[in-house]
Amino acid sequence: MAPTRRRKFEASFKLKVVKFAKEHNNCAAARQYGVTEKMVRDWKANEDALKSMPSSKCALRRSTPHWSELEKHVADMVHEHRQNGYVVTRNKIRMFALQWGKSNPDHSKGFKATVSWCTRFMERHNLVLRQKTKIAQKLPADLDGKTVIKSFKKRGISNSLDGMEDDFLWQDEGEAKAEATPSDSELDPYDDCLTN
């Protein structure tokens with residue numbers, strides 16, 4: 001049996017179902033709109049919140065954190081560690097939040113440092129796990145364009161599309177072009193020039 005996909009409903013749809021349920025009953029509204037009766041009961045209980053939110057919004061999530069004091073201290077810790085060049089991971093954030101919560105129970109009642117809390121915390125404070133590096137590769141001052149082109153040609157990278165530069169890819173300036181002798185050609189059975 002295929003797993004059922006979670007559906008989401010906009011606030012305008014939920015209010016329409018609530019209105020229908022008030023006129024008829026919860027069971028009839030559930031049948032009419034293809035939702036469960038529990039959803040209808042929950043939406044009726046949250047009708048005021050549904051009316052106050054935008055009609056296209058689906059979830060009743062809160063925009064402010066429950067533990068604002070705790071999050072302020074955790075954010076300060078993250079910024080301080082980053083300024084000192086220390087790596088900050090999700091586990092470090094969660095462990096610090098738990099320790100701070102245990103030492104300040106009046107500001108962290110019911111707090112659990114879950115993975116989803118950490119994700120929402122990072123989104124609220126615009127934090128990412130990428131490290132800002134201070135070391136950057138700098139090119140030497142005496143590096144000019146000819147040297148770069150020459151190094152590309154040595155590695156077989158040509159910018160000519162007609163193949164004119166193909167003969168010079170592996171040849172340095174001033175190097176003499178080695179001529180193939182008949183003895184050399186006899187040793188290389190895969191040489192394209194000699195198989196013609």
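# A tour of the helix packing

Start with α2 and α3: helix α2 passes helix α3 in a right-handed crossing. A crossing is right-handed if the near helix is turned clockwise from the far one by less than a right angle, and left-handed if anticlockwise. The model is predicted, so local features need pLDDT of at least 70 and side-chain atom pairs count only at pLDDT 80 or more, while totals for chains, interfaces and linings use all residues. Residues are numbered from 1 along each chain as its sequence is written, and side-chain values use heavy atoms, leaving out hydrogens and water.

**The whole chain**

Show the whole chain before going further. The protein chain has 9 helices and 0 strands, in the order α-α-α-α-α-α-α-α-α along the sequence. Helices (H or I, at least four residues) and strands (E, at least two) are DSSP runs, numbered from the N terminus. Colour by accessibility next: of the 196 residues, 20% are buried. Buried means under 20% relative accessible area, exposed over 50%, and partly exposed in between, with a 1.4 Å probe and protein chains only. The chain exposes about 16,100 Å², of which carbon and sulfur atoms supply 52%; areas follow the Shrake-Rupley method with a 1.4 Å probe, and for residues only the protein chains shown count as cover. Counting contacts between residues at least 6 apart in sequence, 49% join residues at least 24 apart. Contact means heavy atoms within 4.5 Å.

**α2 and α3**

Select residues 26-33 for α2 and 37-45 for α3. These two helices pack at an angle of about 115°, and their axes are 8 Å apart. That angle makes α2 roughly perpendicular to α3. Axes are lines fitted to C-alpha atoms, for helices over the stretch in contact, and angles between N-to-C directions run from 0 to 180 degrees. Angles under 35 degrees count as roughly parallel, over 145 as roughly antiparallel, 65 to 115 as roughly perpendicular, and the rest as oblique.

Which residues form this contact? From α2 come Asn26, Cys27, Ala29 and Ala30, meeting Glu37, Val40, Arg41 and Lys44 from α3. By class, the contact of α2 with α3 has 4 nonpolar, 1 polar and 3 charged residues. Ala, Val, Leu, Ile, Met, Phe, Trp, Tyr, Cys and Pro count as nonpolar, Asp, Glu, Lys and Arg as charged, and the others, Gly among them, as polar.

**α5 and α6**

Move to α5, residues 68-83, and α6, residues 90-103. Here the packing angle is about 135°, and the axes are 10 Å apart, so α5 and α6 are oblique to each other. The crossing of α5 past α6 is right-handed. Show side chains: Glu69, Leu70, His73, Val74, Met77, Val78 and His81 in α5 meet Lys92, Ile93, Phe96, Ala97, Trp100 and Gly101 in α6. This contact has 8 nonpolar, 3 polar and 2 charged residues.

Now centre on His73 in α5. Its relative accessible area is 27%, so His73 is partly exposed. Leaving aside residues up to four places away in sequence, His73 touches Phe96 and Trp100. For a distance, pick the C-alpha atoms of His73 and Ala97: the two residues are 24 apart in sequence and 8.3 Å apart in space.

**α6 and α7**

Arg90, Ile93, Arg94 and Ala97 in α6 meet Val115, Trp117, Cys118, Thr119, Phe121 and Met122 in α7. The residues of this contact divide into 7 nonpolar, 1 polar and 2 charged.

Is Trp117 buried or exposed? Trp117 has 2% relative accessibility and so counts as buried. Not counting residues up to four places away in sequence, Trp117 touches Trp67, Leu70, Glu71, Ile93, Ala97, Phe111, Lys112 and Arg124.

**Two loop residues**

Select Lys109, in the loop between α6 and α7. Lys109 is exposed, at 73% relative accessible area. Its C-alpha atom is separated by 8.3 Å from that of Trp67, 42 residues apart along the chain.

Finish at Asn126, in the loop between α7 and α8 (145-154). Its phi is near 55°, a positive value in a residue other than glycine. Most residues other than glycine have a negative phi. Asn126 is exposed, with a relative accessible area of 69%.
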